[in-house]
Amino acid sequence: MLTPAYYDAKKQFFRTPIFLNRGVHDSYSCFGDLSSKSTFGMPSRTGCMISVDPEEDIVITIASNSVNIGADKTNFKKIINVIMSVMN
């Protein structure tokens, strides 16, 4: 379970440009369709991604050494969709 300290830290995350916020529409095309609007995270071109969904109480980390995954951020969306569909 995500703790209150996590939510305090989350406020700090949104003050930096490091993390992206999914919002109502996934304008970055990297978060899953099943992810809530409060999901935030960071994709990279090197094949790694972190996605934090506080509403679903789930953190997804993708670690890969394939630049082909990160070159097209919709690949992250596909992977996260599979993970979220199994979790729900």
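1. Starting with the secondary structure: this is a predicted model, and its protein chain comes to 3 helices and 4 strands. Going along the sequence, the order is α-β-β-β-β-α-α.

2. On burial and surface, the chain has 88 residues, and 36% of them count as buried.

3. Helix α3 is worth a look on screen. It runs over residues 74-87, so 14 residues, and at 1.5 Å a residue it should span 20 Å. The C-alpha atoms at its ends are 20 Å apart, which agrees.

4. Which residues of α3 are buried? They are Phe 76, Lys 77, Ile 80, Asn 81 and Met 84. These cover an arc of only 135 degrees around the axis, so they sit on the same side of α3. Note that Lys 77 is in the buried set, whereas Lys 78 is exposed on the other side of the helix, along with Val 82 and Val 86.

5. Now the cysteines. Is Cys 30 buried or exposed? Cys 30 counts as buried because its relative accessibility is 0%. Cys 48 comes out at 30%, so it counts as partly exposed; the buried class stops at under 20% and the exposed class starts over 50%. As for disulfides, a search of the whole structure turns up 0.

Notes:
Residues numbered from 1 in each chain as written. Predicted model: local features only at pLDDT ≥ 70, side-chain atom pairs only at ≥ 80, totals over all residues. Heavy atoms only, no water. Disulfide = S-S within 2.5 Å. Buried < 20%, exposed > 50% of the residue type's maximum accessible area, 1.4 Å probe, protein only. Helix = DSSP H or I, 4+ residues; strand = E, 2+ residues; numbered from the N terminus. Expected span 1.5 Å × (residues − 1). Arc of directions from axis to C-beta.
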